[in-house]
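Q: Can you walk me through this structure? I have it open and I'm new to it.

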2 protein chains.
Amino acid sequence: MTHHDTATKLLDAAEQLFAEQGFAETTLRAITQKAGVNLAAVNYHFGSKEALIQAVFQRFMDPFSEAITKQLDQLGEHEEMVTLEWLLGVLVALAIGNTEKEQERALIFFRLAGLAYTQSQDHLRRFFKQRYAALFERYLRLLCNALPEIPPTELFLRSHFALGSVIFTLQGFTSMQQISQQDFGNPLGLDKVVERLLPFVVAGFRAPYGAS
Amino acid sequence: MTHHDTATKLLDAAEQLFAEQGFAETTLRAITQKAGVNLAAVNYHFGSKEALIQAVFQRFMDPFSEAITKQLDQLGEHEEMVTLEWLLGVLVALAIGNTEKEQERALIFFRLAGLAYTQSQDHLRRFFKQRYAALFERYLRLLCNALPEIPPTELFLRSHFALGSVIFTLQGFTSMQQISQQDFGNPLGLDKVVERLLPFVVAGFRAPYGAS
DNA sequence: TTCTGTTTTAAACGTACGTTTGAAACCTCT
DNA sequence: AGAGGTTTCAAACGTACGTTTAAAACAGAA
């Protein structure tokens, strides 16, 4: 089933190490060692470290982006009557997955997303914009349908605010989990946190506009 | 007035470069060159690059932390009747400042905060926890007073959500500014964004709890 | 001025990085 | 079995990093 060819092994090792340590901090020597392959393999199969970083993101984003597109396509003619809850629900369901394995990988995904936003990797930002901007715009248009009382410029901002809540929270999830555990004795699962994140974001999106 | 001694020049150069490129990506050679001092100056005055990073944060955080403490102290006996808007207002006013110069530096601060959260600099997380955890707990306690209908564990989470919105948004502020400009033709000042960020966060904090 | 401690300087050190190389190993056809 | 193309491998390359060093420059007190 899983070929476990060298390229795949490299992607597996890289995504985990990148998520743990960041891009600049993760060396090709660490990646190739974890993957159990030769140091030169990265440059042979991907060309460079930058290209490997992009490949890691692409492997995450492409299925995600495709799944969202499929969901949005199913709307058909009913685009006008879509709700905020439905839109966010689609994202959440696809992002966090069902099985424990999937959720574990979702955390890596969020951590990487946070890194992509933070680290000055300009090539990554260009890559994202070029490849996924259209999807974001389509989603934003639906958001405008769902919340017609909020102007589009404000929804653009609020989607960034919401994205910030989610990525920031989930990228530091494991460490926050520890803090929360020792402060309150509550073990928190990823799904539990998302369950509590959602009302926060929904309320933020629905906040009355113009009421200074 | 400003001594502009070597250590200060180094902190000035370092905080700007760190904010632009991240910690690992900024070399001591770049810092010392920008500061116009000798390469060895960092190790002479601070001991190491890590220590310089901490010093940069300390110069930002200590006055900020002190100012907040002073504001909270002024509450005196009225701690019980503090409002959410007042608590957030204190933070906002102190964080973004008044003059344009202050706001410019505030952006650097947010960018650094985002970096500190994202990059795996464990020494920084330890430094933060050890030095500012008490203040955060005090603030959280006041938040519980202001929103007694929301349980503390939930407020702990929501404060992380809110922090995420703010830091995530403002750390990528300049790039978002460009996108927003070209998409909607709106030039956005920092104060304008914060003005729109605040209702989002307030609504999130006030979201009814338990209404799944 | 001379002495003493501090600061600055140019140069070098050792290390670790991403990348390149050329030969060996492997695979797949005929 | 052997040729040809692909993949792996150990080794090395060149570069850039953080740090150290030892001498020079500077400062203030005696």
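A: Here is a short tour, first of one chain and then of the contact between chains.

A: One caution first: this is a predicted model.

Q: Fine. What is chain A built from, helices or strands?

A: Helices. Chain A has ten helices and zero strands. Read from the N terminus, its elements go α-α-α-α-α-α-α-α-α-α.

Q: What box do the C-alpha atoms of chain A fill?

A: Roughly 60 × 45 × 35 Å, taken along the principal axes.

Q: How do H4(A) and H6(A) cross? Left-handed or right-handed?

A: Their crossing is left-handed. H4 covers residues 49-73 of chain A and H6 covers residues 100-118. The two axes come within 11 Å and cross at roughly 115°.

Q: Which residues meet there?

A: From H4(A), Val56(A), Phe57(A), Arg59(A), Phe60(A), Met61(A) and Phe64(A). From H6(A), they meet Arg105(A), Ile108(A), Phe109(A), Leu112(A), Ala113(A) and Ala116(A). By class, this contact of H4(A) with H6(A) has ten nonpolar residues, no polar ones and two charged ones.

Q: And H7(A) with H8(A)? At what angle do the axes cross?

A: Roughly 120°, and the axes come within 10 Å. The crossing of H7(A) and H8(A) is right-handed.

Q: Which residues of H7(A) and H8(A) meet?

A: H7(A) brings Phe136(A), Leu140(A), Leu143(A) and Cys144(A). H8(A) brings Pro152(A), Leu155(A), Phe156(A), Ser159(A) and His160(A). The contact of H7(A) with H8(A) counts seven nonpolar, two polar and no charged residues.

Q: Switching topic. How many salt bridges are there over all chains?

A: A search of the whole structure finds 16. One of them joins Arg131(A) and Asp62(A), with the closest N and O atoms 3.0 Å apart.

Q: Which parts does the pair Arg131(A) and Asp62(A) tie together?

A: Arg131(A) lies in helix H7 of chain A and Asp62(A) in helix H4 of chain A, so the pair ties together parts that are 69 residues apart in sequence.

Q: Now the other chain. How many residues does the contact take from chain B and from chain A?

A: It takes 49 residues from chain B and 49 residues from chain A.

Q: What area do chain B and chain A bury between them?

A: About 4200 Å², with 67% of it on carbon and sulfur atoms. Phe161(B), Phe168(B) and Phe200(B) supply 19% of the area that chain B buries against chain A. That is more than any other three residues.

Q: How many salt bridges cross the interface of chain B and chain A?

A: Two. Arg196(A) forms a salt bridge with Glu154(B), where the closest N and O atoms are 3.0 Å apart. Between chain B and chain A there are also seven residue pairs in polar contact, both residues being at pLDDT 80 or more.

Q: Which helices of chain B each supply at least two residues to the side that touches chain A?

A: H1 (6-21), H6 (100-118), H7 (122-146), H8 (152-171), H9 (173-184) and H10 (190-206) of chain B. H8(B) gives the most, with 16 residues.

Q: And by class, what has the side of chain B that touches chain A?

A: That side has 24 nonpolar, 17 polar and eight charged residues.

Technical notes: Residues numbered from 1 in each chain as written. Chains lettered and ligands numbered in written order. Predicted model: local features only at pLDDT ≥ 70, side-chain atom pairs only at ≥ 80, totals over all residues. Heavy atoms only, no water. Axes fitted to C-alpha atoms, helices over the stretch in contact; angles between N-to-C directions. Helix = DSSP H or I, 4+ residues; strand = E, 2+ residues; numbered from the N terminus. Left-handed = near helix turned anticlockwise from the far one by under 90°. Contact = heavy atoms within 4.5 Å. Nonpolar A, V, L, I, M, F, W, Y, C, P; charged D, E, K, R; others polar. Buried area = accessible area lost by both parts, 1.4 Å probe. Salt bridge = Lys/Arg side-chain N within 4 Å of Asp/Glu carboxyl O. Polar contact = N/O pair within 3.5 Å; in protein donor to acceptor, adjacent residues only side chain to side chain.
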